[in-house]
Amino acid sequence: MQNLKGIKVLLVDDEPNILQFLEMGLQNEGFEVRTAQDGMTGVTLAKEFRPHIVILDVMMPGMDGFEVCRMLKKTENVAIIMLTAKDEVEDRVKGLNLGADDYVMKPFSFEELLARIHARIRNQFPNLMGEVVAGEFRIDDRRKEIQYQQKVLELSTTEYELLKFMVLNQGLVLSKAKILDKVWGYDFGGDENIVEVYIRSLRDKLNDKEHRLIRTLRGAGYRVDLL
């Protein structure tokens, strides 16, 4: 599990069902969460609550997400993740130009949003992140170090990022395309079979000869099953 104590998240969305779903999910992850159903309340609450992360819907009546983003970035040290409609590229560009740090397109999975929250914390509030303990893995992102079975693994930078991504998403099927996007970057122009090369190397270093730890699901991708 990850030490998330003290990390504050503010949810601003006019849809009660989304607020309730995200609030419960993030609280279960260990975050301190507050919610607002309109932009003005969100701005006021941010000044009192002083969140590290704001999850902000673009389309709200009255003060929309763009105006909330603009106001918060002027006065608060906060990371903003905007929720946008799937096909509204202009919304995403406008939000980023106003200072938003990331965006998630609706509909989205909770796992995707959680991964983006973790990324923003690592990038903007690295001192808040404790070690991640998952099964026999211990990930120290500050030292860029992964221990397995109490031994430090000798990993390249890419191997570290790949193993960390897979362990943090343990139990989920990760396609080669998704791995490339998250580890190598969306603009990677190489062969996706490079993923196989790095998976093979990780299995060797983990002594995972029978592929019980990093499983291959033919036609779907890979899945880490913590032993």
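This is a predicted model: local features need pLDDT of at least 70, side-chain atom pairs count only at pLDDT 80 or more; totals for chains, interfaces and linings use all residues.
Q: What makes β10 and β11 count as paired strands?
A: Pairing requires at least two bridges between two strands, and strand β10 (residues 214-217) is joined to strand β11 (residues 221-224) by four bridges, so the two are paired, and they run antiparallel.

Q: Why are β2 and β5 said to stand at the edges of their sheet?
A: The sheet is open and is formed by five strands in the order β2-β1-β3-β4-β5, with parallel pairing. Because β2 (32-36) and β5 (102-106) each have a single partner strand, one side of each is left without a neighbour in the sheet. Neighbouring strands of this sheet are turned by 20° against each other on average, direction ignored.

Q: How do you know that β1 and β2 are paired?
A: Five bridges join strand β1 (residues 8-12) to β2, and the two run parallel; since at least two bridges are required, they are paired. Within these strands, L10 stands opposite R34 in β2. Helix α2 (residues 39-49) packs on the sheet and touches β1 and β2, its direction making about 170° with that of β1. Helix α4 (residues 89-97) also packs on the sheet, where it touches β4 (79-85) and β5, and its direction makes about 155° with that of β5.

Q: Which residues of α6 and α7 meet?
A: From α6, the residues T158, E161, L162 and F165 meet K178, I179, K182, V183 and W184 in α7. The residues of this contact divide into five nonpolar, one polar and three charged.

Q: What makes the pair of W184 and Y198 edge-to-face?
A: Ring centres must lie within 6.5 Å to pair, and planes over 60 degrees apart count as edge-to-face. The centres of the rings of W184 and Y198 are 5.3 Å apart and their planes stand at 80°, so the pair is edge-to-face. The pair links distant parts of the chain, with W184 in helix α7 and Y198 in helix α8 (residues 194-205), 14 residues apart. By this rule the count comes to three aromatic pairs.

Notes. Residues are numbered from 1 along each chain as its sequence is written. Side-chain values use heavy atoms; hydrogens and water are left out. Axes are lines fitted to C-alpha atoms, for helices over the stretch in contact, and angles run from 0 to 180 degrees between N-to-C directions. Contact means heavy atoms within 4.5 Å. Ala, Val, Leu, Ile, Met, Phe, Trp, Tyr, Cys and Pro count as nonpolar, Asp, Glu, Lys and Arg as charged, and the others, Gly among them, as polar. Rings of Phe, Tyr and Trp (its six-membered ring) pair if their centres lie within 6.5 Å; planes under 30 degrees apart count as stacked, over 60 as edge-to-face and the rest as tilted.
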